[in-house]
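This report is intended for a reader meeting the structure for the first time. It takes up confidence, then the make-up of one chain, then selected local features of the other.

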Amino acid sequence: MSSMALADSRWIARGEERVSLPRFLAWLAPWIVLLAIGVYAAGLCLFYGLNQTNMDNRFAFGLWIFLDLGIIALGAGAFFTGFLVYILKRAELRPILNTAVVVGFICYSGAVAILMIDVGQPLRAWFTFWHPNTHSMLTEVTFCISCYLTVLGLEYVPILLRNRQLRKLPSFLVFERQLHKLVPVLAAVGTLLSFFHQGSLGGLYGVLRGRPFAFREGIFIWPSTFFLFILSAIATGPSFLMLVVAIVERVTGRNLVAQDVFRRLGRISGVLLGVYVAAKSIDTLIWLNFTSPSEGFAPWQYYIYKPFGTPVLFTEIVLFGLVPAFLLTFPRTAEHRGWRLSAAALACCGVLMNRFVMTVQTLALPTLSFDEFLSYTPSWQELASFGAVIAYGVIVYSLSYRYLPLFSRSGGEDSHVPGH
Amino acid sequence: MFPGIDGFHWTVGHIVFICLFFAVAATILTTVSSAAWRTARIFGSERWLTCAGKRISRNCRNPTADAAMNLQDV
């Protein structure tokens with residue numbers, strides 16, 4: 001064994017089997033290349049400005065905002081699992097908790113990174129904190145996401161400190177133990193923050209009175225999209241976690257989590273997805289029959305432009321909503337791993353499609369008599385930055401899986417849940 | 001806008017927003033500080049040996065336990 005491989009093996013948890021270092025590096029190599037290309041593209045955007053993108057005054061929200069909304073929704077599994085385990089005391093989900101934190105951290109840090117490029121002048125990013133418009137949903141989103149990323153970082157620290165080498169340092173060991181005891185507080189804060197920023201991300205579309213495709217009535221200051229975004233995020237977060245773990249199991253060829261955990265996650269996801277589809281259907285009917293006509297727009301006007309015809313609406317609500325909700329709750333399909341994972345994938349596609357529709361279709365549709373239907377195709381810089389976030393996620397997760405006890409089954413302190 | 005910026009004047013929105021934000025920020029800060037302070041206190045009073053001892057009793061083949069034992073000897 002070479003000295004490098006020997007040094008590497010010392011960082012891997014005792015008793016855990018991992019692939020050889022050369023194989024691991026070969027797995028990482030294409031992702032590192034993708035990340036490097038994306039970083040270069042992001043550098044171009046930061047150096048030369050947003051003219052490197054195909055966004056303009058009409059399409060101020062493009063691929064990056066779609067990516068942000070998508071991965072933030074998929075990352076909701078982190079706060080929701082924390083909420084279920086620490087607040088509702090559903091201890092049976094704790095085997096998935098570490099991976100939920102890592103996935104959440106990757107999603108949110110990726111979203112914040114892409115936002116830093118998207119704002120155009122990252123050196124002025126602090127303006128949003130010092131000159132906040134307290135009447136804007138985006139202000140709440142900015143504050144909540146910043147705080148929640150900090151919370152996720154703090155939840156990630158105890159997992160990091162359980163690394164085989166880091167554990168040897170007594171100060172790290174004790175700090176990890178003390179921080180771990182307080183994780184329920186962080187989980188509660190995370191739940192509060194996530195509830196509001198997931199909602200506000202939806203709310204910011206719902207308050208767009210000048211965009212009747214997105215505009216919705218609501219309760220007090222919150223449009224219906226506020227609640228729909230929360231519901232869709234907590235419904236698909238567990239599905240995404242299932243998918244991530246299933247992919248990791250496939251890649252590594254190991255069973256990492258008991259099937260019972262998958263079944264419970266699937267059931268939670270299915271029930272919530274059912275509630276979401278019902279709420280979304282009611283909301284759509286109200287919008288088609290009352291909200292939109294009151295703004296002077298006949299509903300059919302939104303669906304005459306290809307590719308945004310009525311099949312998009314059908315696909316979003318029925319194929320990516322009702323079907324997975326049924327598959328995840330109907331006992332025979334919910335018990336079958338293949339159906340369960342297919343349903344989880346459909347649910348994730350559904351939330352991504354919803355965010356795409358809300359971002360791109362909303363801006364593409366004309367709202368004034370002299371407006372035209374516009375299309376938007378992202379530039380290679382936007383696509384490369386998008387790919388970099390995915391590569392970053394794969395790299396961080398791969399490193400975490402290799403060197404950290406993400407799926408501890410020892411039943412010892414690693415899997416101990418404070419409060420139990 | 002926040003205080004100190006030209007044209008700023010307080011509204012209920014500002015107060016609610018700032019109170020909520022600082023409550024959350026203070027909770028996060030207090031949590032981390034508390035963990036750090038407890039760690040420092042345990043080390044200061046040698047109670048960390050007990051803390052490490054718990055690990056030893058639960059998993060005596062743990063490398064951390066070995067490290068703790070070595071430090072105990074010192």
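## Confidence in chain B

Residues 59-74 of chain B keep a pLDDT under 50, and the model gives this stretch 23 contacts beyond four places in sequence. The model is a predicted one. Where pLDDT is low, predicted coordinates should not be read in detail.

Within chain B, helix α3 (residues 63-73) has the lowest confidence, with a mean of 44. The highest belongs to helix α1 (residues 12-44) of chain B, at 85. Over the chain B residues as a set, pLDDT averages 68, and 51% of them score at least 70.

## Make-up of chain B

Chain B contains 3 helices and 0 strands. Read from the N terminus, its elements follow the order α-α-α. Of the 74 residues in chain B, 18% are buried.

For chain A the average pLDDT is 89, and 97% of the residues score at least 70. Among its elements, helix α15 (residues 380-403) has the highest mean pLDDT, at 96, while helix α6 (residues 127-130) has the lowest, at 82. Residues 410-420 of chain A, however, have a pLDDT below 50; this stretch has 20 contacts in the model beyond near neighbours in sequence.

The model as a whole has an ipTM of 0.77 and a pTM of 0.88.

## A helix pair in chain A

Helix α4 (residues 76-87) and helix α9 (residues 183-206) of chain A pack with their axes 9 Å apart, at an angle of about 135 degrees.

On the side of α4(A), the contact is made by A:A76, A:F79, A:G82, A:F83, A:Y86 and A:I87. The α9(A) side contributes A:V183, A:P184, A:A187, A:A188, A:G190, A:T191, A:S194 and A:Q198. By type, the residues of this contact comprise 9 nonpolar, 5 polar and no charged.

## Backbone features in the loops of chain A

Most residues other than glycine have a negative phi, and most peptide bonds are trans. A:K89 is not a glycine, yet has a positive phi of about 55 degrees. A:K89 is placed in the loop between α4 and α5 (97-118) of chain A. Since A:K89 has 11 C-beta neighbours inside 10 Å, it counts as exposed.

A:F220 also has a positive phi, near 55 degrees, in a residue other than glycine. The loop that holds A:F220 lies between β1 (218-219) and β2 (222-223) of chain A. With 5 other C-beta atoms within 10 Å, A:F220 is therefore exposed.

A further feature concerns a peptide bond: A:K306 and A:P307 are joined in the cis form, with omega about 5 degrees. A:P307 belongs to the loop between α11 (259-294) and α12 (310-329) of chain A.

## The surroundings of A:G218

A:G218 is located in strand β1 of chain A. It counts as partly exposed because it has 16 C-beta neighbours inside 10 Å.

Which residues does A:G218 contact, leaving aside its neighbours within four places in sequence? They are A:G206, A:P223, A:S224 and A:F226. The C-alpha atoms of A:G218 and A:V207 are separated by 9.4 Å, with the two residues 11 apart along the chain.

Terms used: Residues numbered from 1 in each chain as written. Chains lettered and ligands numbered in written order. Predicted model: local features only at pLDDT ≥ 70, side-chain atom pairs only at ≥ 80, totals over all residues. pLDDT = per-residue confidence, 0-100. Helix = DSSP H or I, 4+ residues; strand = E, 2+ residues; numbered from the N terminus. Contact = placed C-beta atoms within 7 Å. Axes fitted to C-alpha atoms, helices over the stretch in contact; angles between N-to-C directions. Nonpolar A, V, L, I, M, F, W, Y, C, P; charged D, E, K, R; others polar. Buried ≥ 20, exposed ≤ 12 C-beta atoms within 10 Å, placed from the backbone.
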